[in-house]
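Me: Hi! I have a structure here that I've never looked at before. Could you walk me through it?
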Amino acid sequence: MSTEKDTDKSHEPVTAEQIELDGFRDVDPWKSPERTQSKRHLPHLQTPESTYFVTFRCRKGLMLSDPAKEIVMSAIRHWNGLRLDVDAAVVMPDHVHLIFRILDGSSLSVVLQSIKGYSARSINALLGRNGPFWLGESFDHVIRHEPELEEKIEYIRENPVTRGLAANWRKYRWLWIKE
Ligand code: NI
């Protein structure tokens with residue numbers, strides 16, 4: 001999980017001064033004035049080597065059956081190491097969380113389209129239905145520092161447990177944590 005830029009300091013909380021010095025302020029979606037307006041206007045920031053925390057959801061009234069969850073996980077596994085470097089992913093009954101870096105220079109929207117588009121087509125074929133399966137809007141967030149990365153991985157790992165879907169994270173089948 002470490003990069004060339006990692007130093008001991010990266011494990012400490014980032015102060016406001018460091019944020020200004022490092023120029024994080026310019027690319028921090030949480031500080032964008034747009035954020036307070038509406039979710040639809042969330043900036044979809046794309047910076048090289050960003051680690052993204054992404055959530056996307058089924059359209060209203062749709063749920064992922066176990067074979068459909070398998071399709072989503074296999075789409076994520078397919079791209080891991082090729083287009084994506086995946087740190088963690090979980091497929092819940094009606095939404096998906098994943099943490100990754102983009103390896104091949106693709107834009108975030110292309111990456112999400114490839115996962116959502118492929119899985120929607122396969123799930124539709126499985127269910128014998130047509131039309132969009134996922135909500136068009138995905139939530140994406142650039143992870144700022146390692147403690148936040150650890151916190152988000154923990155969130156993904158515990159999501160099935162807190163929802164009562166598994167006694168512990170190792171028992172939940174549609175969960176990926178990088179070894
Ligand atoms: Ni969740």
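Me: Let's jump right in: is the crossing of H2 and H3 right-handed or left-handed?
Reply: The crossing of H2 and H3 is right-handed. One thing to keep in mind as we go is that this is a predicted model.

Me: At what angle do H2 and H3 pack, and how far apart are their axes?
Reply: The angle is about 150°, and the axes are 9 Å apart.

Me: OK, let me zoom out. How many helices and strands are there in the protein chain?
Reply: There are 4 helices and 5 strands. Starting from the N terminus, the elements run α-β-α-β-β-α-β-α-β.

Me: What order do the strands of the sheet have?
Reply: The order is E4-E1-E3-E2-E5, in an open sheet of 5 strands with antiparallel pairing. Strand E4 (139-142) and strand E5 (175-177) are at the edges with a single partner strand each, so one side of each has no neighbour in the sheet. On average, neighbouring strands are turned by 20° against each other, direction ignored.

Me: How many bridges are there between E2 and E3?
Reply: Strand E2 (residues 84-91) and strand E3 (residues 95-102) pair over 7 bridges, in the antiparallel sense. Together they form a hairpin, with 3 residues between them. Across this pairing, Val-90 stands opposite His-97, and Ala-88 stands opposite Ile-99.

Me: And what about E2 and E5, how many bridges there?
Reply: E2 and E5 pair over 3 bridges, also antiparallel. Here Ala-89 stands opposite Trp-176 in E5.

Me: Why is E2 largely enclosed by the rest of the structure?
Reply: Because 6 of its 8 residues are buried. For the protein chain overall, 24% of the 179 residues count as buried.

Me: Which residues does Val-90 touch?
Reply: Leaving aside residues up to four places away in sequence, Val-90 touches His-97, Ile-156, Asn-159, Pro-160, Trp-174 and Leu-175.

Me: Which strands does helix H4 touch when it packs on the sheet?
Reply: Helix H4 (residues 146-162) touches E1, E2, E3 and E5, and its direction makes about 35° with that of E2.

Me: New topic: how many residues are in the largest nonpolar core?
Reply: That core has 33 residues, and those with the most contacts inside it are Val-72, Ile-76, Val-90, Val-91, Leu-98 and Ile-99. At least two core residues come from each of E1, helix H2 (66-79), E2, E3 and H3. H2 gives the largest share, 6 residues.

Me: Last one, about Asn-80. Where is the place of Asn-80?
Reply: Asn-80 is in the loop between H2 and E2. It has 18 C-beta neighbours inside 10 Å, so Asn-80 counts as partly exposed. The C-alpha atoms of Asn-80 and Phe-100 are separated by 8.8 Å, and these two residues are 20 apart along the chain.

Me: Great, thanks for the tour!

Notes: Residues numbered from 1 in each chain as written. Predicted model: local features only at pLDDT ≥ 70, side-chain atom pairs only at ≥ 80, totals over all residues. Pairing = 2+ DSSP bridges. Axes fitted to C-alpha atoms, helices over the stretch in contact; angles between N-to-C directions. Contact = placed C-beta atoms within 7 Å. Core = buried A, V, L, I, M, F, W, Y, C linked by C-beta atoms within 7 Å. Buried ≥ 20, exposed ≤ 12 C-beta atoms within 10 Å, placed from the backbone. Left-handed = near helix turned anticlockwise from the far one by under 90°.
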